[in-house]
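Have a look at the model below and get ready to follow the chain around.

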Amino acid sequence: MCYFRTTVLPLAPPDDTQPEVLTLAEGRYLRLLSENGWEYVVRPHSTGVVVIVAITPEGRLVLVEQPRVAVHSQVVELPAGLVGDTAASRGEPLAAAAHRELLEETGYLAERMVELAAGPIAVGIGSEIVTFFHAQGLRRTGPGGGDATEQIVVHEVALPELAGWLADKRRGGALVDPKLFAGLYLISEGR
């Protein structure tokens, strides 16, 4: 298992006093903080993010596509989701969240979730740590598509056709989440 960063260390002021953390704004899901003059976002109701690399026994990569408001575009992604963000999922282990998100978004059950790597995803703006999992022993049990607030389309793309398929999606105006490439790299390295 590869960890890009295993601990989160606060920025320490020169005199080793506790830094002053100010809440600048707070919404339903996000909190904007200022610490030592650095502004960043936290998700107060989540303990992390899981990203799942799922390849079917036939060698097809399971992807999701959905509209993302922040970028005003359709985005092609690996299945992913927040950990512990609802009352029902508080305190859940990372692997349990990966199982839950994979089933919810794609309709696939996995026999095992193997942790690949963990690290920050947007170090200049957010505190989230993403953990990649390799979903093994896949079995489709439902249509997927996410919950009632999501508009997820599930795609299964043969790995040799992936580059061309993604190029077609880009030409059609979709964006591709770079975590997709990170997940494939981790799988190719046997992590």
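Predicted model: local features only at pLDDT ≥ 70, side-chain atom pairs only at ≥ 80, totals over all residues.

Strands β6 and β7 form a hairpin with four residues between them, and H72 in the turn has a positive phi of about 50°. Residues are numbered from 1 along each chain as its sequence is written, and side-chain values use heavy atoms, with hydrogens and water left out. As for the labels, helices (H or I, at least four residues) and strands (E, at least two) are DSSP runs, numbered from the N terminus.

Strand β6 covers residues 60-68 and pairs with β7 in the antiparallel sense over five bridges; two strands count as paired if DSSP finds at least two bridges between them. Find V64 and look across to β7: its bridge partner there is E77. In general, strands of a sheet pair through backbone hydrogen bonds, either parallel or antiparallel.

So is β7 (residues 73-77) enclosed or open? Four of its five residues are buried, so β7 is largely enclosed by the rest of the structure. Buried means under 20% relative accessible area, exposed over 50%, and partly exposed in between (1.4 Å probe, protein chains only).

Now keep V64 in view and hop to G145. These two are 81 residues apart along the chain, yet their C-alpha atoms are separated by 8.4 Å. G145 is found in the loop between β10 (129-140) and β11 (153-158). Its relative accessibility is 16%, so G145 counts as buried. Leaving aside neighbours within four places in sequence, G145 is in contact (heavy atoms within 4.5 Å) with E104, E105, T106, E150, I152 and V154.

Another loop residue worth a visit is S46, which sits between β4 (38-42) and β5 (48-54). At 15% relative accessibility, S46 counts as buried. A polar atom of the S46 side chain lies 3.1 Å from the backbone oxygen of G48. Again leaving aside neighbours within four places in sequence, S46 is in contact with L82, V83, G84 and D85.

Strand β4 takes us to an open sheet of three strands, in the order β2-β3-β4, with antiparallel pairing. The edge strands are β2 and β4, each of which pairs on one side only. From one strand to the next, the twist averages 30°. Between β2 (residues 21-26) and β3 (residues 31-35) there are five bridges, and T23 stands opposite L33 in β3. A hairpin of four residues joins β2 to β3.

Finally, the helices. Helix α2 (residues 162-171) and helix α3 (residues 179-188) pack at an angle of about 175°, with their axes 14 Å apart. Axes are lines fitted to C-alpha atoms, for helices over the stretch in contact, and angles run from 0 to 180 degrees between N-to-C directions. That makes α2 roughly antiparallel to α3; angles under 35 degrees count as roughly parallel, over 145 as roughly antiparallel, 65 to 115 as roughly perpendicular and the rest as oblique. L162, L166 and R170 of α2 meet L180, F181 and L184 of α3 in this contact.

How values were computed:
Polar contact = N/O pair within 3.5 Å; in protein donor to acceptor, adjacent residues only side chain to side chain.
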